[in-house]
Structures are given as structure tokens and as C-alpha cells.
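The sequence and the structure are shown first.

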Amino acid sequence: MILFRSVGRRHLNGYKELSKHSEIINLGSKSGSKVYFPTIAPNNTAIKILVQPGDKVKVGQKIAERTDFYVPIYSPVSGTVLEQENVFSANVNRPIKHIAIENDGLDTQADPLKTVTLDNSIEEIINAIKEAGLVGLGGAGFPTYVKYNNPKGIHTLLVNGVECEPFLTTDFVAMQNEVDNLLTGCELLMKASGASKTIIAIKVHKDEVKNAINAKLNDYPNISLKEVPDVYPMGWERTLIKEIFHKDYDRLPGEIGVVINNGQTVISLGKVLTTGHPICERLITVSGDAISNPTNVICKIGTMANELIDACGGLAFEDVNLIPGGPMCGRAVNSDKFPITMQMGSLTILKVKTYKEEPCLRCGSCTHHCPAGLQPVEIRRALKAKDYDRLIKLNVMSCVECGMCSYSCPSRIELTEAMKNAKTVTKFKMSQMKK
Ligand code: SF4
Ligand code: SF4
């Protein structure tokens, strides 16, 4: 089944200038007097906890593992494990149990992981990727190494540095400042996947990134840069692959010989695989029209979001929408006391604007703009009617929650929220049908 059918692209105002040139705030080892880790993975599976309250831990020490895929979770701080706490999770939008670690601020390091170079075997490199504990830093949180298990017929590694969500500038900053790690990561991932070349995709008008990368490409004949149009959702992998390779695929890009990773994921792998130090910090864009000083912040993973907001001068207004992620894909939450996770790239803070929802005009704009070729208006109708068979027929699970349907609706109907709810109920019904 081919999903990419409709036009599904639109230029958006990116508001990138709010944060892209601001001085980066590094909270360093001061960040997170306590850090928190959810006991449930992003896909709602349990996490096996390997430490007990009272244990002393070091930076880079394994404290937990996911139970669906092998993904080790490392402590980003040195300190003492505390009793588990119920803390709000932005991922599941409710309080859940978290591992809590009191940060002693000393940054005492655990023994590093095994490092690899291009002289290592493919198996050794893939094993090192697995032990690095990385999940995709572009938002989905999918374990990175899974893409490199038994890759077959891969010709190209595609690095996604498009960052098409408004306000977000972490890829812009990281890809400009960490070119060596980016290119080292590309070389190791090419070897792991069997790809003979890498294409690094960035949006047009990112001249600083383009110049920083181009300055080093002479030493990397198999790596090239490709500029793509400034439209949303160009960063969605189906849209990007269609743009670059002019091809569709059914389930996975590997079907057409492509493996794709987010730019910051590749940078992080370049770092972890050559230093042996797991990723303990995250670069986060804190931006929007309701934060006093929009910028990028480096903090320990597990730091509470309100610490980042305070570091950026606090809220500029009393009534705000706080969105973990960007405004198109993200969902506003009611608390600023939630921990930053590895896959969280931004906090978008916007003035509250209320819109009056008007009746549907049957204009078809939502369908026309859906990059997954869905009919959002029909899905919303089926959800209201509790017609679960129709939701399955309408292929609701293919929705990537990109926000284009809500954005393009002249009647201001909250279609994306309806899509998310429809996916939740359909997933539940489908799991019941399997029993
Ligand atoms: S949120 Fe889902 S239904 Fe709406 S445009 Fe995006 S993919 Fe299509
Ligand atoms: S874009 Fe809005 S008004 Fe137009 S068909 Fe879709 S839901 Fe109805």
C-alpha cells in the first residue's frame, strides 16, 4: 500500500530567527539537582530498573533497560538513587512513576563503553550502536540500532537535517557546531549499513550549516549535501525520500535501499562511538512568543522543564500554552514540571489564542494537505460516530500527527487532536480483535 498520494506540503513561517543566533545557555552539571527517568518507554512498554534507592551511581552507569527492544539507559549525573516519584510525563500526558537521582554535581564518570573506528568489523560497530542506548533524537524515540540489524541492499544513508517544525533550531545549531562528529557518524553508519554514499539533507537558506559542512566535505568524497525546499512536512521521512529519490515505499525506506537518521542522532553516534561516553545531555530549543529569552539550552537528560524555562528568563505572559516539541506535532501540557527526555528537542511556549470552531465547509483542504493521503474530516466523523471499522478502513493508523489538517482548516477545527484520539481508540480495538 503506497501512502504518499496528495500534495501535502506547505511553506510555514518558521520563526527560527527567535533562537537560532541567540547565545546557547549551558546548564552544565548544575542542571537537574534531581533528574528523573520514566519507568515506561515512549511506546508504553515497561522499563526494567537496575538500581535501588540508596545506590550511588556515576555518569554513564547503566540504570535501566527497555523491555521491548534492548535499549540501555545511562545515568546522566553522579549521585544517589532516591525513592521512585510520581512525576508528570509529557509523553503520556499524566503523572507516572519515575526513577529519581539526586545529582551531587561532581560528574564522577563510570568506565566508558567500547569505542570503534572504521577498522572495526560491521558486527562490532552495530554492537557499539546498540550499547550506545540511543533512540532517534528527531522525536519518535525509536531505537537507532534496530535500523542497522541485518540491513540488506542499502545504497544510501540519508541524514535528515531538515528540521521543518516552526521554532525548532537544535539541528541548525548542532549541525553547524559539530561537523566533525556528524561526518564521523556518517562514515561509521555507512559501514554499519553497507551504504556506499551519504546524502545530508538540509533546507534551503541554512547557509551557515551549508558552509560549515561544505568546508570539510573535500575529505569525505562519499558524503554530499542536498538542499530541499522550505515546506512542511519536508522533515517527515516519506516526504524527504520522495523529494530526493522520487520514490515511494510501503513500510520502510530499506525497501528502496535507503536508511535514514536524524542529524543529531548521527552527531551523537559519532560522539558516543568514538569517546565511549553515552549521551547524558540534550540540546533543547526553548522558543515561542511567550518566553522571555528564546534560545537553545544544553541540559542533563532528566532535568525538569521549568529549570530550562527559568534559565531563559521565565514566561513573558501568565497564560501560555507549553508544548513539548513543536507547535505542529506537539500537544500542550498543563504542567511545566516534567523531565526532559532523550527524544525531546524543544519546548515551544506560545501566548494563548482562542479560536471559535466553525462548522465544516466540506472544502477538502484537510484532505488535500494531508501528506499521508488521509481524509481527516472523515476520520473525525467516524470517531464521533464510534465507527471503529470505518476508522480502520480510513487507515487512521497511518496518521503521522503532523498537524497539517488543523493548520489548513479554514473552520479552525481541531482535526489533529481528533486524529490522535482516533489512533488511540483504533489501536485499542485492533489489539482486542487480535485476542
Ligand atoms: S495530522 Fe494526520 S491526518 Fe492530519 S494532515 Fe497530518 S498525517 Fe494527515
Ligand atoms: S479543512 Fe476543515 S472545513 Fe475543510 S473539509 Fe476539512 S474539516 Fe471541513
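In this predicted model, helices α1 and α6 are roughly perpendicular to each other, because their angle of about 105 degrees falls in the range of 65 to 115 degrees. Their axes lie 10 Å apart. On the α1 side the contact is formed by A128, I129 and A132, and on the α6 side by L269, V272 and L273. By class, this contact of α1 with α6 comprises six nonpolar residues, with no polar and no charged ones.

Helix α1 also packs against helix α3, at an angle of about 120 degrees, and α1 is therefore oblique to α3. The crossing of α1 past α3 is left-handed. Here α1 contributes I122, I125, I126 and I129, while α3 contributes L188, K191 and A192. The contact of α1 with α3 has six nonpolar residues, no polar residue and one charged residue.

| Helix pair | Residue ranges | Angle | Axis separation |
|---|---|---|---|
| α1 and α6 | 122-132 and 263-275 | about 105 degrees | 10 Å |
| α1 and α3 | 122-132 and 179-193 | about 120 degrees | 9 Å |

The remaining topic is the ligand site. Ligand 1 is surrounded by 15 residues, and the closest are C370, C399, C402, M404 and C405. Helices α11 (404-408) and α12 (415-434) each supply at least two residues of this shell. The largest share, three residues, comes from α12. By class, the shell around ligand 1 consists of 12 nonpolar, two polar and one charged residue.

Terms used: Residues numbered from 1 in each chain as written. Chains lettered and ligands numbered in written order. Predicted model: local features only at pLDDT ≥ 70, side-chain atom pairs only at ≥ 80, totals over all residues. Axes fitted to C-alpha atoms, helices over the stretch in contact; angles between N-to-C directions. Helix = DSSP H or I, 4+ residues; strand = E, 2+ residues; numbered from the N terminus. Parallel < 35°, antiparallel > 145°, perpendicular 65-115°, else oblique. Contact = placed C-beta atoms within 7 Å. Nonpolar A, V, L, I, M, F, W, Y, C, P; charged D, E, K, R; others polar. Left-handed = near helix turned anticlockwise from the far one by under 90°. Near = placed C-beta within 6 Å.
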